[in-house]
Amino acid sequence: MDEALLRSLTPSVLTVLVRRGADFAAAEDAVQDALVEALRVWPADPPRDPKGWLVTVAWRKFLDQARADSARRRREDRVDEEPAPGPAPAVDDTLQLYFLCAHPSLTPSSAVALTLRAVGGLTTRQIAQAYLVPEATMAQRISRAKRTVSGVRFDQPGDVATVLRVLYLVFNEGYSGDVDLAAEAIRLTRQLAAAIDHPEVAGLLALMLLHHARRASRTAPDGALVPLAEQDRGRWDTASIAEGVEILQAALARDRLGEFQAQAAIAALHADARTAEETDWVQIVEWYDELARLTDSPVVRLNRAVAVGEADGPRAGLAALAALDDSLPRHAAVAAYLHERDGDLATAARLYSEAAEKASNLAERDYLTRQAARLNARTRD
Amino acid sequence: MAKYLLLKHYRGAPDAVNNVPMDQWTPEEISAHVGYMRDFADRLEKTGEFVDGQALAPEGAWVRYDGEGRPPVTDGPFAETKDLIAGWMVIDVDTYERAVELAGELSAAPGAGGKPIHEWLEVRPFLAANPSVDECH
């Protein structure tokens, strides 16, 4: 069965129900029920018209639930069984769905969960597995999110930036369980890019494609992290890079720079170098300057210090680093790297150990510990 | 989102404010305590933040590998580690501040006299399995 097709139909089926007059929360539940049924029924009995099938089943589920609710309330309110003719949509409904699911009143985790379910068409079970929490917890997180946005009008325009942040969070989660969240984030961003013409949406899509292109080379067969300079560039996905670069160039030509375009430009410069030595670090530093101007994020300055170290030598990198707060995440890792390049192996080893203790994920901690061990072995000789 | 372990153990931290051993409580006080813990977990499930909660038996054995073809060696319990860990809860929350807030609520579980125990709980972040997109250069 084509699960990707099934999932890609989710937003349009959901908006059909909403246009027929179902409220968002109930419509979303009904669509979810229909998806679960499709997963069960389609493998043996694929429908000729998948979207029609989903709309019919979801609408029936909605009516069943509405009837059960009204029976429980013992009210005479009779649910109209005939689909009410909805008003013609003024804007793309799919876009409205993105805005609603990333509404600023939602916490990041709620927005992520709701987006994956209502826009992405993932089941609660799949989302729970991807985020390693119990299904009951994820079900509650989603239903709370729906209650939070229940007062928001469906046709209210939203802020693209909040949607992009949610999609970027999903992308960053990467891969765990049987759902590839990075690939899902790319699919959802691509779908968004089709619904709205916005350079930052294009920038984020380009950034994701350029990063994703390197995924196979980013980890060794034993799961160890491979830093950019040591990656086997022959394993980079050139089609994905070409697509990312093309999307980025078209976006940059619009002359409305934003942080995702700037990040994508840096990723594109890395992708463009056939060897690590050929990397155009001078241009990368310039892009980090742009990025620092756009976001004023300390993490950007930290990455900039690394780039300065490559462009102008480790002493210049350390000077750039000295201006930054040393409590920043990865500060010690960057300092360790620059000190090693400067030839001070003992300091580098100590800082790598310190960085390993502060690492927030296992792969990075193991990598940093190995760096410290490597330098300690060398200084012992 | 990040996962945190709220760990209840008895080494390293000062005594709780209401530091009366459980076997000195009245049965009603014990019921109130157990009910509080259960309600706390239920509430976290409803907020979409609950991952796991377990209590541990106070004593266990120490086990170690003893070489190829040999059964593992067991020993203990050793007096100095007795009662080290009583139990834990795992939560999945948006911020560190929220983790601290919830640990504070858990520490307010009622003990002797129906008053909060004020016991110290350790809040430890989980290490994520995967690095985020920013690569190590």
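E3(A) is found in helix α1 (residues 3-19) of chain A, where helices (DSSP runs of H or I of at least four residues) and strands (runs of E of at least two) are numbered from the N terminus. This is a predicted model, in which local features need pLDDT of at least 70 and side-chain atom pairs count only at pLDDT 80 or more, while totals for chains, interfaces and linings use all residues. Residues are numbered from 1 along each chain as its sequence is written, and chains are lettered from A, with ligands numbered from 1, in the order in which they are written.

The C-alpha atom of E3(A) lies 9.4 Å from that of A38(A), although the two residues are 35 residues apart along the chain. A38(A) belongs to helix α2 (residues 24-41) of chain A and counts as buried, because it has 22 C-beta neighbours inside 10 Å. Once residues up to four places away in sequence are set aside, A38(A) touches L6(A) and L54(A), contact being defined by C-beta atoms, placed from the backbone, that lie within 7 Å. Between A38(A) and D49(A), which are 11 residues apart along the chain, the C-alpha separation is 12 Å.

L17(A) is in contact with A22(A), A27(A), A30(A), V31(A), A58(A), W59(A) and F62(A), neighbours within four places in sequence being left aside. L17(A) is also among the residues that touch the most other members of the largest nonpolar core, together with A58(A), A206(A), L210(A) and I91(B), in a set of 130 residues. The largest share of this core comes from α10(A), with nine residues; such a core is a set of buried Ala, Val, Leu, Ile, Met, Phe, Trp, Tyr and Cys residues joined through C-beta atoms within 7 Å.

The UniProt record, in an unreviewed entry, assigns "domain: RNA polymerase sigma-70 region" to residues 6-69 of chain A, a span that is 81% helix and 0% strand, with its end C-alpha atoms 28 Å apart. The record also lists "domain: RNA polymerase sigma factor 70 region 4 type", again from an unreviewed entry, for residues 98-148 of chain A; this span is 73% helix and 0% strand, and its end C-alpha atoms lie 15 Å apart. Such annotations use the numbering given here, have shortened feature names, and may be inferred rather than shown by experiment.

The expected span in the table is 1.5 Å times one less than the number of residues in the helix.

| Helix | Length | First to last C-alpha | Expected span |
|---|---|---|---|
| α8(A) | 14 residues | 20 Å | 20 Å |
| α19(A) | 19 residues | 27 Å | 27 Å |

In α8(A), the buried residues are V163(A), L164(A), V166(A), L167(A), V170(A), F171(A) and E173(A), and they pack against α4, α5, α9, α10 and α13 of chain A. Just after this helix, G174(A) takes a positive phi of about 75 degrees.

Helix α17 (residues 331-341) of chain A is mostly covered, with 10 of its 11 residues buried, and these buried residues pack against α15, α16, α18 and α19 of chain A. Following α17(A) is G343(A), with a positive phi near 95 degrees.

In α19(A), E364(A), Y367(A), L368(A), Q371(A) and L375(A) are buried. They lie on the same side of α19(A), because they cover an arc of only 95 degrees around the axis, taken from the directions from the helix axis to the C-beta atoms. The buried residues of α19(A) pack against α17 and α18 of chain A, whereas the face turned away from the buried side carries the exposed residues A377(A) and R380(A).

## The contact with chain B

The contact takes 33 residues from chain A and 21 residues from chain B. On the side of chain A that touches chain B, the elements giving two or more residues are α5, α7, α8, β1, α15, α17 and α19 of chain A, and α7(A) gives the most, with six residues. That side divides into 18 nonpolar, 11 polar and four charged residues, where Ala, Val, Leu, Ile, Met, Phe, Trp, Tyr, Cys and Pro count as nonpolar, Asp, Glu, Lys and Arg as charged, and the others, Gly among them, as polar.

## Chain A overall

Chain A has 19 helices and two strands, and its C-alpha trace spans about 85 × 45 × 40 Å along its principal axes. Of its 381 residues, 43% are buried. Among contacts in chain A between residues at least 6 apart in sequence, 60% join residues at least 24 apart.

Note on methods. A residue is buried if 20 or more other C-beta atoms lie within 10 Å of its own, exposed if 12 or fewer, and partly exposed in between; C-beta atoms are placed from the backbone. Two residues are in contact if their C-beta atoms, placed from the backbone, lie within 7 Å.
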